[in-house]
Amino acid sequence: MDAITIVGGGIAGLALAATLDPDRFDVTVHEQRNVLPAVETSLAMWPEAQRALEAVGILPEIRAAGSAFEAMALRNATGKAWLRAGAPDVIGISRADLLRQLDAAVPDSVTRVFGAVTSLPAGGLLVGADGVHSVVRGAYWGPRSRERLSPYLALRGVINEPVPADSGGEYWGRGELFGIAPASRQRTYWYASYRSDLGPGGIDVEAALDLTRRRFSGKAAGIVRVLAGATPEGTLAQRIWTVPALRSYVRAGSVLVGDAAHGMTPNLGRGACEALVDSVTLADLLNSRPLPEALKAYDKRRVLRSQALRVASSAMTRLVLAESAQPIRDRILSVAGRLSR
């Protein structure tokens, strides 16, 4: 049997381990932690990701655990809606529930190793599924592939009450973003982003939450209400990191999937989706073709699309968090809203 070592037991690593042919491959997954995320966050599963989940065999469970995205709105900082749109084909699912289902789908034949990876194993195919700070990418793609720190702070969390009436959607202010979406029927997922010099590591969540409350004080009532219910224990605060452009995800017996390959800003909501598509695509090719041919085909199918999304997400970040250009952006969105109505 051919050996495949997957470094990283997150969304990309577990999806790959769950879909590789156990009769053909001897699979080992290295993961630093054997626990689910302490703070709940929500992910949007677009149709492409749902097809990948169907290939893994867990789409019914994801549909049962998740919630449909109903009508959402794009709003200014005071709460006035520029545009409204539905997303009936999108499923919202908590990261913990997704990881739980992916973990259950991994066959017993897969070897699980927990703890920090201090040296990369030799022999067989090495898969970097270890996120934006990928050890595999650093070792095989070199210092030019090193992750890059953005100037933006991102906070995410869940509160135990439903979305306030007519508050769902994204609020675009001057250099700031706030989002409110259903995490379940009785719970609300929220997120915020703006420039900050906090971090990059060891961010005091309580201080970040206090800063966010002050920053959004006097803004839309829905924002103020959600932040009033947010707690440090239920909030995640991180600086946003990205991965520079890569021309290939394959190099010398190694391959990258997920954020290790194309870690992007979160403004398109596509990071987890593309990680799932990466892993299912790679598994399908490895299961059905010789290794060199499979890796070449994986590059051909995934690099251009995922890199285009990385660039588009970066452009969306600049638009959403515009500062000097914010008045012009808002006027254009206001006109677009009137035309759409």
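How many positive and negative side chains does the protein have, and how far apart do the centres of the two sets lie? There are 40 positive and 33 negative side chains, with the two centres 9 Å apart. Lys and Arg count as positive, Asp and Glu as negative, while His and the chain ends are not counted; each charge is placed at NZ of Lys, CZ of Arg, CG of Asp or CD of Glu.

This is a predicted model, in which local features need pLDDT of at least 70 and side-chain atom pairs count only at pLDDT 80 or more, whereas totals for chains, interfaces and linings use all residues. Residues are numbered from 1 along each chain as its sequence is written, and side-chain values use heavy atoms, without hydrogens and water.

**Whole chain.** Colour by secondary structure to see 11 helices and 14 strands; these are DSSP runs numbered from the N terminus, with helices being H or I of at least four residues and strands E of at least two.

**Cores.** Next select Ile6, Ile11, Leu20, Met45, Leu98, Leu102 and Leu276, which touch the most other members of the largest nonpolar core, a set of 59 residues. Such a core consists of buried Ala, Val, Leu, Ile, Met, Phe, Trp, Tyr and Cys residues joined through side-chain atoms within 4.5 Å. Helix α9 (residues 271-288) gives the largest share of this core, nine residues. Centre on Leu276: beyond its neighbours within four places in sequence, its contacts (heavy atoms within 4.5 Å) are Ile11, Ala15, Met45, Ala49, Ala52, Leu53 and Leu102. Then show Phe178, Ala192, Leu227 and Ala237, which are among the 19 residues of a second, separate core.

**Helix α2.** Select Gln50, in helix α2 (residues 47-56). Gln50 counts as buried because its relative accessibility is 9%. Leaving aside neighbours within four places in sequence, Gln50 contacts Met45, Leu59, Arg63, Asp89, Val90 and Ile91.

**Loops.** Move to the loop between β11 (187-195) and α6 (205-215), where Pro200 is placed. The peptide bond from Gly199 to Pro200 is cis, with omega near 15°.

Asp166 is in the loop between β8 (148-159) and β9 (169-172). Its phi is positive, near 50°, in a residue other than glycine, and Asp166 is exposed, with a relative accessible area of 54%.

Finish at Ala252, between β13 (250-251) and β14 (254-256). Ala252 is not a glycine, yet has a positive phi of about 45°; at 67% relative accessibility, Ala252 counts as exposed.

Notes: Buried means under 20% relative accessible area, exposed over 50%, partly exposed in between (1.4 Å probe, protein chains only).
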